[in-house]
Amino acid sequence: MNDEHNLVTTPAWAEIVRKIRLRTPARIFVERGASYTTKMALELRGDHARAVDAVWTEFDLQRDFPSDFVTRWELFQVSSQAESKSQFLLRPALGRKLSDAGRKLIAQHCVRSPDVQIVMGDGLSGAAVSEQVPNLFPLLQQRLRASGWSVGVSFAVRYCRVGIMNEVGEVLAPRVIVLLIGERPGLATAASLSAYMGYCPRPGHTDADRNLISNIHDRGIRVEEAADRITNLASRMMPAKRSGTALREDATLLSS
């Protein structure tokens, strides 16, 4: 009798598998055979459809956020140079640049040179922004202000790519920028948010100059933990005056 047979026949194995599955949305320990079960096949098709919908759904600040949330934080929306969802997906470079109207609106409504500037971007999942940001944003504001930092007026960018951070840095010159952006959907979840961060972002910066906290959702990194980790990273960036590969996140805050 080999070890694999022992695992399968152990009475406690089913409970062990159940507990492991509760810790991750990934499909692990699926039944083996010539093909998936009907239940599994239908779940995969449903999750794939939700992922496609998340990519193609248009984000709208007034529609997708609670009205009191928008009013309280004086949020407004601008756009990248992409003029449609199709153009955004086919020409990624347009999503890294602000429209002329967007640059003017940001300059008019936002304070220049705050310690921290928070930006929201639909990215590849508007669902992630609408589901995670209303819970994460107030916590993040509270922690950042408790640290004694000034926080700029926040806004949302439609048809947004990560490179928009450089454009915002050029217009507002914040010490630290936090971009809350929808991640590329997968079959595990279509509503996962990322927080990209950079110190003094400017044109020419790449992903090597940025830090990332990803998988912010109910079955990934909880919003409370995300707010703590973002604040901690900001507190490390400011005295070090750097970000990206030159700066490591405090390992004691990472989930076990």
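**Entry 1: a surface patch**

I began with Ile16, which lies in helix H2 (residues 13-22). Helices here are DSSP runs of H or I with at least four residues, strands are E runs of at least two, and both are numbered from the N terminus. I am reading a predicted model, in which local features need pLDDT of at least 70, side-chain atom pairs count only at pLDDT 80 or more, and totals for chains, interfaces and linings use all residues. Residues are numbered from 1 along each chain as its sequence is written, and side-chain values use heavy atoms, with hydrogens and water left out.

I looked up the cover of Ile16. Ile16 counts as partly exposed, at 39% relative accessibility. Buried means under 20% relative accessible area, exposed means over 50%, and partly exposed is in between (1.4 Å probe, protein chains only).

**Entry 2**

Next I traced the strands. Six of them form an open sheet in the order S1-S3-S2-S4-S5-S6, with mixed pairing. Strand S1 (77-79) and strand S6 (210-216) are the edge strands, each pairing on one side only. Two strands pair if DSSP finds at least two bridges between them. On average, neighbouring strands of this sheet are turned by 25° against each other, direction ignored.

I went through some of the pairs:

- S1 and strand S3 (residues 155-158) run parallel over three bridges. Gln77 has Ala156 of S3 as its bridge partner.
- S2 and S4 are also joined in the parallel sense, over six bridges.
- S4 and S5 run antiparallel and share seven bridges. Leu180 has its bridge partner, Ala195, in S5.

Is S4 buried or exposed? Seven of its seven residues are buried, so S4 is largely enclosed by the rest of the structure. Val176, Val178, Leu180 and Gly182 are buried on one side, and Ile177, Leu179 and Ile181 on the other.

I turned to H8. It packs on the sheet and touches strand S2 (116-121), strand S4 (176-182), strand S5 (193-199) and S6. Contact means heavy atoms within 4.5 Å. The direction of H8 makes about 175° with that of S2. Axes are lines fitted to C-alpha atoms, for helices over the stretch in contact; angles run from 0 to 180 degrees between N-to-C directions.

Asn135 is found in H8. I noted it as partly exposed, at 48% relative accessibility. The C-alpha atoms of Asn135 and Glu224 are 8.8 Å apart, though 89 residues separate the two along the chain.

Then I checked H9. Eight of its nine residues are buried, among them Ile164, Met165 and Leu172. Those buried residues pack against H7, S2, S3, S4, S5 and S6. Just after H9, Ala173 takes a positive phi of about 50°.

**Entry 3: salt bridges**

How many salt bridges are there? I found a count of twelve. The rule asks for a side-chain nitrogen of Lys or Arg within 4 Å of a carboxyl oxygen of Asp or Glu.

Glu167 pairs with Lys97, with the closest N and O atoms 3.6 Å apart. Glu167 lies in helix H9 (residues 164-172) and Lys97 in the loop between helix H6 (85-90) and helix H7 (100-109), so the pair ties together parts that are 70 residues apart in sequence. Glu167 is buried, at 8% relative accessible area, whereas Lys97 is partly exposed, at 40%.

Glu167 also forms a salt bridge with Arg103, at 3.0 Å between the closest N and O atoms. This pair links H9 to H7 across 64 residues. Arg103 is partly exposed, with 27% relative accessible area.

I also looked at Asp228 and Arg143, whose side chains meet in a salt bridge of 2.6 Å, N to O. Asp228 is in helix H10 (residues 223-240) and Arg143 in helix H8 (residues 126-146), 85 residues apart. Both are partly exposed: Asp228 has a relative accessible area of 35%, Arg143 one of 22%.

Which residues do shared partners join into one network? They are Lys97, Arg103, Glu167 and Glu170.
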